[in-house]
Every structure is written in structure tokens, then in C-alpha cells.
Amino acid sequence: MDALIPFLDLRIGNAELRTEIDSAVARVLESGWYILGPEVDNFEAEFAGYCQATHCVGVANGLDALHLALKAMGVGPGDEVIVPSNTYIATWLAVSQCGATPVPVEPDESTYNIDPELIEAAITSRTKVILPVHLYGQPADLDPILTIARKHGLRVLEDAAQAHGARYKGRRIGGHGDAVAWSFYPGKNLGALGDGGAVTTNDPQIADRLRVLRNYGSRVKYVNEERGYNSRLDPLQAAVLRVKLSHLDAWNARRTVLAQVYLDGLRGTGLVLPHVPDWAEPVWHLFVVRHARRDELQRALTDAGIGSLIHYPIPPHRQTAYADACFPADAFPLASRLAEEVLSLPIGPQMGIGQAQTVVAAITRTVPTL
Ligand SMILES: *Cc1c(COP(=O)(O)O)cnc(C)c1O
């Protein structure tokens with residue numbers, strides 16, 4: 001049976017914008033530019049403006065945005081990059097792709113984002129970059145991270161793949177750190193109709209290096225100054241993203257309304273609810289609750305026709321992909337515990353308030369039985 005309330009149905013939002021998307025696609029078709037070109041330039045300028053950053057460089061996906069941004073910062077073999085223990089594995093893989101080592105730091109238990117108080121203990125003479133993630137659309141606590149980075153001569157790259165439009169202390173994510181990596185994977189708050197990514201930065205040297213790296217290490221056609229990559233944002237996706245960007249704030253506002261229904265309706269049910277510090281304006285990419293009997297709760301929701309997902313069921317340090325790091329069995333207990341307890345409820349700009357109320361009612365019924 002299809003869920004009565006799906007976790008997320010991207011077709012509804014794309015149908016809502018069908019006319020605008022059709023004409024954007026037609027514009028690319030008729031332009032004769034199918035790699036980079038004016039559509040990508042225009043999206044980059046518009047997204048940089050939206051993020052209050054001076055530069056934006058479009059790339060093929062979010063993982064490449066992270067990887068190429070680290071390369072542009074000079075990260076290479078032998079270097080260390082501080083990453084959250086509690087994140088999607090892409091954050092770590094980008095570091096590994098540079099030949100560098102991800103050094104995990106546990107989250108703050110109330111925000112699930114990297115705990116700035118634990119960062120200094122993880123810094124060594126090899127550390128080059130601190131890589132906080134704005135997980136679930138909740139901004140990480142950037143000021144103490146930037147202060148630590150300045151004190152130790154490190155760079156800050158933010159993973160903002162889940163945080164399009166979020167604000168930290170009133171200012172949009174996108175221009176706080178040395179560079180900020182974005183994903184436009186279809187399910188993100190700003191999502192394409194396929195893969196896409198970008199890096200925003202106020203550093204002209206990082207932007208310049210990224211433009212070379214994404215395009216075969218070339219500035220002038222057939223002149224290759226370094227061994228680069230083919231990682232360009234597709235102009236068709238850029239055209240779709242320009243349409244979506246013009247609706248991003250309105251769509252994030254709809255998510256905020258739903259999050260408030262959840263926060264009000266689920267208070268006192270015994271679930272651990274998201275905590276929003278007073279300096280944070282999240283964009284609710286995910287609405288994540290916690291319960292010790294998470295699997296039973298998820299089963300009950302499934303039986304009630306309500307979709308839910310787990311972000312993420314296996315933390316990076318427990319993945320076979322990182323078996324060679326030989327982390328001890330009891331390493332990163334908080335990330336491990338979160339993986340057992342978190343549950344993401346349905347949320348998205350096209351979900352109705354009545355649907356959120358149905359989810360609240362189902363949870364209110366279920367939790368006392370767990
Ligand atoms: C989605 C995501 C990425 C990777 O983005 P892709 O476009 O899928 O490569 C990286 N980090 C986080 C936190 C993400 O959620």
C-alpha cells in the first residue's frame with residue numbers, strides 16, 4: 001500500500017511550477033549552450049546574491065562541491081579535516097577523496113550539529129580545515145568555530161547541502177566560512193531535476209581555483225594548467241534551479257508552518273523534539289524526532305499509512321567504507337546512539353497542515369503504547 005501521507009512526493013512541487021519549468025527548459029534547448037554558458041552564469045549570480053556571498057561556482061553535485069572546495073583550499077594527502085561524527089557520509093568521503101583524513105568530532109546533543117567545545121581537542125599539526133554541517137537544515141554554531149579556526153590558522157568549509165535559506169544570527173548561510181558547499185539533489189530544499197551542486201565563497205582565489213578544477217583544470221580551452229575534473233553544473237539544471245530559487249523562501253516558509261504544527265502538537269508526548277537555539281533560523285529540510293523505541297514507532301507509523309525515514313541508520317564511522325580507520329567499538333557513542341533513535345517525519349512544501357495534524361495524532365496515540 002502506498003503511504004497515505006508519503007515522506008515526500010517531489011512530483012507535486014514540480015507540477016506546481018510546471019509552466020515555469022517548461023519555459024526554462026525550452027530556453028536552454030533554444031539557446032544552443034548545453035555546457036556551462038549563460039544559464040549557469042545567471043544561476044551562479046542569483047544564488048550568490050541569495051546567499052549574501054560574492055561568488056558562486058556551479059558543479060555537478062554536492063559531493064563534488066565539498067571535494068573540489070577542499071582541493072581549492074589546498075587539502076591533500078597527509079592533511080586532516082575535522083568533520084562531524086553525525087552526518088551523511090558525503091562529508092567524510094569528500095575529505096577521503098583528497099587523500100586526507102576525516103577526524104570526527106561528536107555533536108552537541110541538543111542540536112545534533114558538531115559541538116564547538118570539542119573541536120580544539122581534535123586539532124593536530126596536520127589539521128587544515130574544519131568542516132561543520134548544517135544538518136537537517138539547522139545552522140551549526142558558526143561563531144565559535146570561526147574563532148577556533150582563526151586562532152589555529154585553519155580554514156572553514158561548511159556543508160550546507162541541507163540548509164538552503166537558513167540563517168545564522170540573522171545572516172543567510174553561504175558567506176560565513178571560507179567556502180560553503182551546496183547540493184541540489186532533487187529532495188533538498190533547493191532541488192534540481194537531477195544532480196547539481198555549487199560552492200559559494202567570498203574568497204576570489206577559491207572561486208577562481210574552483211572554476212579551473214571543475215573544467216578539466218583548464219582556463220583556456222585545451223590549455224590544462226592542472227589535473228582537473230569534469231564537474232560542471234548542467235545548464236538545464238541551472239535553468240530549473242533559477243525557477244526553484246524564486247520560490248525557495250515561500251517553500252521554506254511552508255515547511256516552517258508544518259514544523260510549528262509538529263513542535264506544538266508533539267510537545268509532552270515523550271518524543272525528543274528538535275531544539276532551535278535563539279540564533280538559528282532553520283529551514284526544516286528534515287523534522288527529526290528521537291525515541292528510544294524508534295523502530296517500533298516507525299512500524300506503527302507505517303501501519304497507519306505514514307511515511308518516515310531514518311537520517312542516518314549507520315553513522316560513517318560504522319560503515320564498511322571506513323573499516324580501515326579501525327575506530328574502536330565504543331568510538332563516537334553519541335553519533336551511534338542518534339543513529340538508533342532518530343526518526344524523520346514527513347515534511348515538505350507541498351504537505352498540508354491537515355496531514356501534519358494526522359501525523360501528530362498517530363504519534364500521540366502510539367507513543368504511550370511503546
Ligand atoms: C545531500 C548531501 C550531500 C551530497 O550531495 P549530493 O548532491 O547527493 O552529492 C552532502 N552532505 C550532506 C549533509 C547531504 O545531505
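Helix 4 (residues 62-72) gives the most to the shell around the ligand, with 3 residues. Helices here are DSSP runs of H or I with at least four residues, numbered from the N terminus. The structure is a predicted model, in which local features need pLDDT of at least 70 and side-chain atom pairs count only at pLDDT 80 or more, while totals for chains, interfaces and linings use all residues. Residues are numbered from 1 along each chain as its sequence is written, and side-chain values use heavy atoms, with hydrogens and water left out.

The ligand is surrounded by 14 residues, and the closest are Gly62, Asp159, Gln162, Ser183 and Lys188. A residue counts as near if one of its heavy atoms lies within 4 Å of the molecule. By class, this shell holds 8 nonpolar, 4 polar and 2 charged residues. In this scheme Asp, Glu, Lys and Arg are charged, Ala, Val, Leu, Ile, Met, Phe, Trp, Tyr, Cys and Pro are nonpolar, and the others, Gly among them, are polar.

Polar contacts are pairs of N or O atoms within 3.5 Å. In glycine 62, a polar backbone atom is 2.8 Å from an oxygen atom of the ligand.

Rings of Phe, Tyr and Trp (its six-membered ring) pair if their centres lie within 6.5 Å; planes under 30 degrees apart count as stacked, over 60 as edge-to-face and the rest as tilted. The count comes to 13 aromatic pairs. One of them is the stacked pair of phenylalanine 43 and phenylalanine 47, at 5.5 Å centre to centre and 15° between the planes. Both residues lie in helix 3 (residues 38-51), 4 residues apart, about one turn of the helix.

The loop between helix 10 (294-303) and helix 11 (333-341) contains tyrosine 312, which a cis peptide bond joins to histidine 311, with omega about 15°. Cysteine 326 is also found in the loop between helix 10 and helix 11. Although cysteine 326 is not a glycine, its phi is positive, about 55°.

How values were computed
A polar contact is a pair of N or O atoms within 3.5 Å; within protein, one must be able to donate a hydrogen and the other to accept it, and residues adjacent in sequence count only if both atoms are side-chain atoms. Helices (H or I, at least four residues) and strands (E, at least two) are DSSP runs, numbered from the N terminus.
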